[in-house]
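Here are my notes on the fold, for your read-through. Please check each point against the coordinates.

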Amino acid sequence: MKFFVVCVWGSPREGGNTEFLVKEITKRLDELGVRVEVFNLCRMRINPCKSCRLCLKSRGFCTIKDDMTNILIPRLIEADGLIVASPVYFNNVSTCVKLFIDRTWCLRGLLRNIVGGAMVVGRGYGSELAISAIHAFMLKHEMILGFRGVTGFAFEKGEIRHDRRAIELVDQLANRMVELMRATVKLRRERKIKGSARTI
Ligand SMILES: Cc1cc2nc3c(=O)[nH]c(=O)nc-3n(C[C@H](O)[C@H](O)[C@H](O)COP(=O)(O)O)c2cc1C
């Protein structure tokens, strides 16, 4: 079966280090026969969660009409895997990534058993906290994690291509995600039967 992975990344600097890692993992997953759709969150119209809490009454329903509801939520519900990639900003993820994370509140239960992967790149400090922020988001959704994440070290645009370790980690993450997606197909099928998503 062909797996479907959504890869979201959030750097305002196109052609930068985060995008490089995203291209690497997309290439690798493609070689492994996985369909990947990639979205640059900083290029999308994603508003902050306004805490109206109407999604508490109707799972999957969000009152904000933007690219999150129109484009990303329908894809996330169908995904077997989700990769979140971010530059390290002030020891954390970038604003674009955080906006995305907060807006998944309406998807409680609907991302369960999706296989997750995190990738971050920074100049040298705070990367572990940024990876942890992504992993915490994934665990809150009861996603399946089986790899420590990709941590790249680079500051100037394109510098990441010299980080051989990060490139190796990308490969390992792709392989591990495929292994876990294969092993957990049945769990996601159950999620789709039970889940009642409304994304109007
Ligand atoms: C606003 C801002 C905050 C940053 N904060 C950190 C940081 O806390 N730790 C770090 O190691 N690098 C930090 N950096 C450096 C970036 O993480 C680094 O340049 C990274 O390679 C950028 O990825 P990009 O090319 O995909 O944009 C920061 C950069 C910016 C613009």
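1. The model is predicted.

2. Is β4 buried or exposed? Eight of its eight residues are buried, so β4 is largely enclosed by the rest of the structure. In a regular strand the side chains alternate between the two faces of the sheet. Here V115, G117, M119 and V121 point one way, and G116, A118, V120 and G122 point the other.

3. β4 has several parallel partners. With β3 it pairs over seven bridges, and S86 has V120 as its bridge partner. With β5 (residues 144-145) it pairs over two bridges, where V115 partners I144.

4. The chain crosses from β4 through α4 to β5, and this β-α-β crossover is right-handed. β3, α3 and β4 also form a right-handed β-α-β unit.

5. The largest nonpolar core holds 58 residues. V5, C7, L21, I25 and I134 have the most contacts inside it. Elements that each supply at least two core residues include β1 (4-9), α1 (17-31) and β4 (115-122). α5 gives the most, with eight residues.

6. C7 deserves a look. Leaving aside residues up to four places away in sequence, C7 touches V22, I25, T26, V36, V38, I83 and A85.

Technical notes: Residues numbered from 1 in each chain as written. Predicted model: local features only at pLDDT ≥ 70, side-chain atom pairs only at ≥ 80, totals over all residues. Core = buried A, V, L, I, M, F, W, Y, C linked by C-beta atoms within 7 Å. Buried ≥ 20, exposed ≤ 12 C-beta atoms within 10 Å, placed from the backbone. Helix = DSSP H or I, 4+ residues; strand = E, 2+ residues; numbered from the N terminus. Contact = placed C-beta atoms within 7 Å. Pairing = 2+ DSSP bridges. Right-handed = clockwise from strand over helix to strand, strands pointing away.
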